[in-house]
Amino acid sequence: MHCGAERNSSETSLGSTAGENPIVAGDTIAAISTPAGEGAIALVRVSGSGAIAVADKVFCGKENPSRFASHVQHFGEIFDATGPLIDQVMLSIHRAPASYTGEDLVEITCHGGMLVSAHVLEACLRAGARMARPGEFTERAFLNGKMDLTQAEAVIDLIRAKTDLALRSATEQLEGRLGEKIGKIRDELISLLAHIDASIDFPEEGIAPDRGEALRARLDSVRKEIAALLATADQGRILREGVRVVIYGATNAGKSSLLNRLLGYDRVIVSETHGTTRDAIEETVNLDGVPIRLLDTAGLRASTSELEREGIARTEKSLRLADLRLHIADRNAPKPPHFDERTGDSNEIAVLNKSDLPEDSDWKNFHALRISCVTEEGLPELQKEILARITKQNLRPESTVAINTRHRDCLRRALESCDRARLALGNALSPEYVAVDLNEALHAVGEVIGTVGVEQILDSVFGQFCIGK
């Protein structure tokens, strides 16, 4: 048996193993990569120039981890620096550059108890690693060229995906589909700039920049591609955050009952007492692959209760932020004042509840979806209408490429710069003016995939990750 606790002069010093194939000079990090809590197994990762040396110090098996073939699991035991056994584990070495981070990477699979995994991690820290920051493993993968910035962002989207459509979008972005589109735009801008810069820098060579329609056509093609990506921003927000659907109306109209039926279980207390719901209650439901954030709100009515008035104020705030509103009313009661003022709004669906009871004459010939939260009559039609309205809000299930807020800001600036370059061409300005605008566009596009301006955006991107990823 080869045990780390038994080695003295033969121990590998931190950094010596990775010195054979260094990718990024830096310290060695460690973290638990599986969620907190009890489970069958837990995974502890160690990455960096001294990762294999750390494994040599804590692992006891048939041979030292430094002698392991890459990507092969070995059974053994983890010991603390002071000697006591912590756990029986499976350990594998992933040698640089063929690892997730592009560095030497060690993965220790131990039993899934919170205390066991914490002790395994502590042993690695005592052996020379430091605790990883949130997202630092993926950050190192980006810095080592294993993925571009859009792919790194896709990792967190993949983890947070709540629906099949969101999962497919994140998977395709992780595979590099968005990065490829950005790369093509960047290559075309570089080609345009190279020709214009050559004509500016070497006038004696007689290099003539593309003129007139040819140059405008190439620039218009770039502008069209950027605009097409910008058009996916709403879809990206919906896939990542969900559609905010607010259920509102008078008290006792059946708002909480509708939320319970759409969720498929009783989430909210339902009572005939007016003003039962005092605050907005939010739950997420998967509707044909689209995450729907349903908000049940306090009923709208004149109230002397300060607590209920606060709830109504929050309802009004939720309505201003809603992507779609479900205005619900009791068809068994007279029509409330002002109910039909918004019936022509494409972001609002009028819903008449209690279709199992007689309809009041006020609702005769009134165009609305009629449902019953008791018998569930009309609920499938309501779900179809919700999805149809969402689709009108630029959600295209057949297209899974969708940019996020950071991408949108970069591409918006790139398009504005291209528009200025197009205007300069139309006004027959000198090539220098066109080159300045195209350089700004190229810089903004480069920010999307992380080829420029990396230092300013790394913290904001990788700070969203959990520790160990």
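Mentor: Accessible areas here come from the Shrake-Rupley method with a 1.4 Å probe, and for residues only the protein chains shown count as cover. On that basis the protein chain exposes about 22500 Å². Carbon and sulfur atoms supply 51% of that area.

Two caveats on the source. This is a predicted model, in which local features need pLDDT of at least 70, side-chain atom pairs count only at pLDDT 80 or more, and totals for chains, interfaces and linings use all residues. Residues are numbered from 1 along each chain as its sequence is written, and side-chain values use heavy atoms, with hydrogens and water left out.

The protein chain has 14 helices and 14 strands. Helices (H or I, at least four residues) and strands (E, at least two) are DSSP runs, numbered from the N terminus. Of the 469 residues in the protein chain, 49% are buried. Buried means under 20% relative accessible area, exposed means over 50%, and partly exposed lies in between (1.4 Å probe, protein chains only). Contact means heavy atoms within 4.5 Å. Among contacts between residues at least 6 apart in sequence, 65% join residues at least 24 apart.

Now the interior. A nonpolar core is a set of buried Ala, Val, Leu, Ile, Met, Phe, Trp, Tyr and Cys residues joined through side-chain atoms within 4.5 Å. The largest one has 33 residues. Ile 182, Leu 189, Ile 226, Leu 229, Leu 411 and Leu 438 have the most contacts inside this core. H13 gives the most, with nine residues.

Which residues does Leu 189 contact, leaving aside its neighbours within four places in sequence? They are Val 222, Cys 418, Leu 438, Ala 441, Leu 442 and Val 445.

There is a second, separate core of 30 residues. Ile 247, Ala 253, Leu 259 and Leu 379 are among its members.

In H11, the buried residues are Leu 379, Leu 382, Ile 386, Leu 387, Arg 389 and Ile 390. Seen down the axis of H11, they fall within an arc of 160°, so they line one face of the helix. The arc is that of the directions from the helix axis to the C-beta atoms. An α-helix has 3.6 residues a turn, so residues three or four places apart point the same way. The face of H11 turned away from its buried side carries Lys 384 and Lys 392, both exposed.

Some backbone points for contrast. Most residues other than glycine have a negative phi, and most peptide bonds are trans. Asn 365 has a positive phi of about 65°. Asn 365 sits in the loop between strand E13 (348-353) and strand E14 (369-370), and is exposed, with a relative accessible area of 75%. His 71 has a phi near 65°, and is partly exposed at 45%. A cis peptide bond joins Ala 96 and Pro 97, with omega about 0°.
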